[in-house]
Amino acid sequence: MKKREREPVIPRTAQETTRHALMALLLEGPMSAKEISAAVSLPEKEVASHLEHIRRSLQATGALLEVEPAECRSCGFVFAKRERMTSPGKCPLCREEAISDPLFCIRGVEGQEAD
Ligand SMILES: [Zn+2]
């Protein structure tokens, strides 16, 4: 008698559960940390640290955490080199605080691990 059923992937820790949920959201399309935070009921700061981790762990799979950079709604300045996952507070050029949130999504996953 052989077991042919596939074992469900059970996350070992709560953190893994959260990351799994985050990755599912990111596969759906671009989302800001704020939107993700609302969707998974986590503070934005925690979402940001999960995103950092996801970005690193994705490198091994060939997928990519794509970041659409934040942009100043007033003068159009793009925060392209910003490495942090949270939104910038103020535009360095015009000092406006009307900054669009950076958006995140996952690209390049080859059909596997897609829940
Ligand atoms: Zn500006």
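## Close-up views of a predicted model

**View 1. Residue G89 in its loop.** G89 is exposed, because 7 other C-beta atoms lie within 10 Å (exposed means 12 or fewer such atoms, buried 20 or more, and partly exposed in between, with C-beta atoms placed from the backbone). The residue belongs to the loop between strand 3 and strand 4; strands (E, at least two residues) and helices (H or I, at least four) are DSSP runs numbered from the N terminus. From the C-alpha atom of G89 to that of I99, 10 residues apart along the chain, the separation is 7.1 Å. The model is predicted: local features need pLDDT of at least 70, side-chain atom pairs count only at pLDDT 80 or more, and totals for chains, interfaces and linings use all residues. Residues are numbered from 1 along each chain as its sequence is written.

View 2. F79 lies in the loop between strand 3 (71-72) and strand 4 (99-100). F79 is partly exposed, because 18 other C-beta atoms are within 10 Å. Leaving aside neighbours within four places in sequence, F79 is in contact (C-beta atoms, placed from the backbone, within 7 Å) with P69, A70, E71 and P88. The C-alpha atoms of F79 and P92, 13 residues apart along the chain, are 9.4 Å from each other.

**View 3. Strand 5 and its partners.** Strand 5 pairs (at least two DSSP bridges between the strands) with strand 1 (residues 31-32) in the antiparallel sense over 2 bridges, and L103 is the bridge partner of S32. Strand 2 (residues 64-68) runs antiparallel to strand 5 and is joined to it by 5 bridges; here V67 has F104 as its bridge partner.

**View 4. Helix 1 against helix 3.** The two helices pack at an angle of about 80°, with their axes 10 Å apart; axes are lines fitted to C-alpha atoms over the stretch in contact, and angles run from 0 to 180 degrees between N-to-C directions. Helix 1 and helix 3 are therefore roughly perpendicular to each other (65 to 115 degrees; under 35 counts as roughly parallel, over 145 as roughly antiparallel, and the rest as oblique). T18, R19, L22 and M23 in helix 1 meet H50, H53 and I54 in helix 3.

Terms used
Two residues are in contact if their C-beta atoms, placed from the backbone, lie within 7 Å.
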